There are 2 protein chains.
Amino acid sequence: MTVRGAGPSGEDALIARYFKPLATDPGAFGLLDDAAILKPSRDDLVLKTDAIVEGVHFLSDDPPETVARKALRRNLSDLVAKGATPAGFLLTLALRGADEAWLAPFARGLGEDAGQYGCPLLGGETVSTPGPIMVSISAFGHVPPGSMVHRSGARPGDRIAVTGTIGDAALGLDIIRGGAAASVLADNAGAKAVRDHASAAIDVSDGLAGDLAKLCAASGVSAAIDIASIPLSTPAAAVLARGAVGIEALISGGDDYEILCAIPESRFDAFAGAAALAGVAVSSIGTVISGASEPKFLDAQGRNVPLAHLAYSHF
Amino acid sequence: MTVRGAGPSGEDALIARYFKPLATDPGAFGLLDDAAILKPSRDDLVLKTDAIVEGVHFLSDDPPETVARKALRRNLSDLVAKGATPAGFLLTLALRGADEAWLAPFARGLGEDAGQYGCPLLGGETVSTPGPIMVSISAFGHVPPGSMVHRSGARPGDRIAVTGTIGDAALGLDIIRGGAAASVLADNAGAKAVRDHASAAIDVSDGLAGDLAKLCAASGVSAAIDIASIPLSTPAAAVLARGAVGIEALISGGDDYEILCAIPESRFDAFAGAAALAGVAVSSIGTVISGASEPKFLDAQGRNVPLAHLAYSHF
């Protein structure tokens, strides 16, 4: 990982100091080269890239640890949604300068997540920008050949399930708690449960409602969701009960890093059991239905609750 | 490849229209999913990421085709320097909006290069930014296990060789010529020649002098370069002869996309022969010497020519 264009310099040394300890995989060559290696495998390699931009996906005064975690977790939750076991990642960091006060906690947060989720830094690049900070990550994971889970396999009658709880990030509760992890990222058995049982899956990184709409569109189906079944954390449920926010806010934005998936009815118990063994809570929140309409969100009386907008749009 | 956060929208459709034709590899799933697959291989997979930023690495009014080519070629030349055969790439594009007048030629330039160099678009992400455009690419290539060429293998006595010509990009001649390709990218036999014969290699993407300094630093050696042996295109040589610029300008900046490598003396003829068969011109420009000093650039009388700055520094 090098500062592009600069010869050996203070910035190179700074970046080496903070990122080299994260490059624990032998294929990273201690970040001394400008490329990395993944050794041959009998598995398919799942490739995913995602980026976050200051002022769009995070705020300038967000803790750098949280920014790092957000950038990596967006990609990790995507790998898990594909049923893939993380293998490593490449980082491209666009910065206005090499600011130690920002880099040190950023690298710390990144390293903690990389260690916890078994996804080492393989290499990367730092480039200068006069604009907002941008953190671009490409993450790699393994699945047995042909077993990647797609967005497009959901069939009418499938159960719609979601892992963990939804909406904490939209409320900022994740930052208050230091970016508590989605449990599904923490154990590769979670990815295996998705791979073994889901007909389709997507990670919830732009809001449950919007990501569900994408899964349905890719599968050519619709869905009926029971709002009361959407799993909320105790604090999020309390905020909702006090009327400070509506359910729309909780399901229309936020980096939940949970997995939304369609599970054939006959496999649901096996899926929930495998997830439970991995320490991952699973909630059944609705059913895949036929048709091309937007997914429906139904209240306790079965009435359709219109959502003003399904996801935070970046354009 | 999706516009992050947006549901099905005009922007999604626009991006699908321009990028889907580039996703020719079956592992790209026609960009309908948000991840891609590389099938198992017996080779090591070389991973490389690199980014360019508007206002830093390219200008706002540079032709979008040229911007796309620059972003991809920086990565491709890095793969060739590793001795790797390109397998595909992921694209992350940060834009202020989905501007068809920019996207259409960008995708055209990217697609032409991806086709010419056998490196298909596997997937990607478009994110919104209020700041400069950023094009971040992660590129993947294959080498037989353990055969990746490093920066760090140069040994005193090795010949220093460079492919093609140097300095056209620094003079802007590449843009005038529509971004004429470095021949070494165009034929996988070029990568094989590097892999089979080089003790160390680096791509010339930040200027010959700076990239040579990096190779020497990584290898723990120095170098003596014969300035008159540095290969120049006819137009570049003419500009130099007229005195409009000095040699420093030609070797201190510019995206040459050529390969600079150290070749053991006993292998030089075999290397040059293999490169010639691949249609790649090779010039011997100097010798690796022991020591930790900066590489020396010598004039026809053997006098050391000090270079004011060895590479364009981005910080």
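Which residue is the bridge partner of A94(A) in β5(A)? Keep that in mind as you go through these points on a predicted model.

1. **The pair of strands.** The partner of A94(A) is V127(A).

2. **Where β5(A) sits.** Strand β5 (residues 121-128) of chain A has 8 of its 8 residues buried, so the rest of the structure largely encloses it.

3. **How the two chains relate.** Turn chain A by 180 degrees, with a shift of 0.0 Å along the axis, and it lies on chain B with an RMSD of 0.0 Å. This is the relation of a two-fold axis. To find the axis from chain A, look for G131(A): its C-alpha is the nearest in that chain, 2.5 Å away. Both copies use the same surface, as 99% of the contact residues of chain A recur in chain B.

4. The pLDDT of chain A averages 89, and 91% of the residues score at least 70. Residues 3-8 of chain A are below 50, though the model gives this stretch 27 contacts beyond near neighbours in sequence. Residues 309-315 of chain A also stay under 50, with 34 contacts beyond four places in sequence. For the model as a whole, ipTM is 0.89 and pTM is 0.91.

Methods: Residues are numbered from 1 along each chain as its sequence is written. Chains are lettered from A and ligands numbered from 1 in the order in which they are written. This is a predicted model: local features need pLDDT of at least 70, side-chain atom pairs count only at pLDDT 80 or more; totals for chains, interfaces and linings use all residues. Copies are superposed by least squares on the C-alpha atoms of residues with pLDDT of at least 70 in both. Two residues are in contact if their C-beta atoms, placed from the backbone, lie within 7 Å. pLDDT is the predictor's confidence in each residue, from 0 to 100. A residue is buried if 20 or more other C-beta atoms lie within 10 Å of its own, exposed if 12 or fewer, and partly exposed in between; C-beta atoms are placed from the backbone. Helices (H or I, at least four residues) and strands (E, at least two) are DSSP runs, numbered from the N terminus. Two strands pair if DSSP finds at least two bridges between them.
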